[in-house]
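Here is a friendly note to read with the model open beside you. Take the points one at a time and look up each residue as you go.

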Amino acid sequence: MKYVFASFIAWFLAVLNVSAMPYLKILGVTPDLVLVLAACWAVLRPQDEAMIAVPIAGLLHDLMTGDPLGTSIIGFAPLIVLASVVHIRAVESRFAPSLIVVATGTLVYGAARMTILATTGQQIQWFDAAIDVVIPLAIVNVIFTPIIYMPVSWFSAAQRQGIMGRGRITSPL
């Protein structure tokens, strides 16, 4: 059921990305809500869920955009690795790590997307694309992260409460 829920939310955000979000330009770019969802899901949910939900989100992202199929799956894959670093350490709040994963994941996704588009024969102005698109997109995605983070954290809170208990985790060291 959790994968159906994640797929439905990713599909909804992918449709929103191509229908309504192009009218909302901040710093000259449109926020990528599917990428933000995938990053927040990878940080807040267990890694085995992220290994399924993130590629599904990438596939739905590709189906809604004009990118070659698999571009977002390749671009979103590092989100799982970045989020696994957060899972190694017990932290009180995962909001700050989510912001870092979103920003870094956006930069990696932008580089992967430009590389894939270049290999398909499209002309890429690397410096201009990085300065005018990828870096502003990372900033805008970080700004939009709380909108996606809050519902995903509410959905994840009950599971985390059962795993961690009600008390704070402390290190014996």
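**Notes on packing and pairs**

1. Buried means under 20% relative accessible area, exposed over 50%, and partly exposed in between (1.4 Å probe, protein chains only). Please keep in mind that this is a predicted model, where local features need pLDDT of at least 70, side-chain atom pairs count only at pLDDT 80 or more, and totals for chains, interfaces and linings use all residues. Residues are numbered from 1 along each chain as its sequence is written, and side-chain values use heavy atoms, with hydrogens and water left out.

2. Which residue pairs with Tyr149? Phe95 does, in an edge-to-face aromatic pair with 5.1 Å centre to centre and 70° between the planes. (Rings of Phe, Tyr and Trp, the last by its six-membered ring, pair if their centres lie within 6.5 Å; planes under 30 degrees apart count as stacked, over 60 as edge-to-face and the rest as tilted.) Phe95 lies in helix α5 and Tyr149 in helix α6, so the pair ties together parts that are 54 residues apart in sequence. Helices here are DSSP runs (H or I, at least four residues), numbered from the N terminus. Phe95 is partly exposed, at 28% relative accessible area.

3. Now look at the largest nonpolar core, which has 37 residues; Val54, Phe76 and Ile148 touch the most other members. Such a core is a set of buried Ala, Val, Leu, Ile, Met, Phe, Trp, Tyr and Cys residues joined through side-chain atoms within 4.5 Å. Helix α2 (33–44) is among the elements that give two or more residues to this core, and α2 gives the most, with 12 residues.

4. Two salt bridges are counted, each a side-chain nitrogen of Lys or Arg within 4 Å of a carboxyl oxygen of Asp or Glu. In one, Asp67 joins Arg113, with the closest N and O atoms 3.0 Å apart. Asp67 lies in the loop between α3 and α4 and Arg113 in helix α5, so this pair ties together parts that are 46 residues apart in sequence. Is each end buried or partly exposed? Asp67 is buried at 10% relative accessible area, while Arg113 is partly exposed at 32%.

5. Finally, visit Arg45, which forms a salt bridge with Glu49, the closest N and O atoms being 2.8 Å apart. Both Arg45 and Glu49 are buried.
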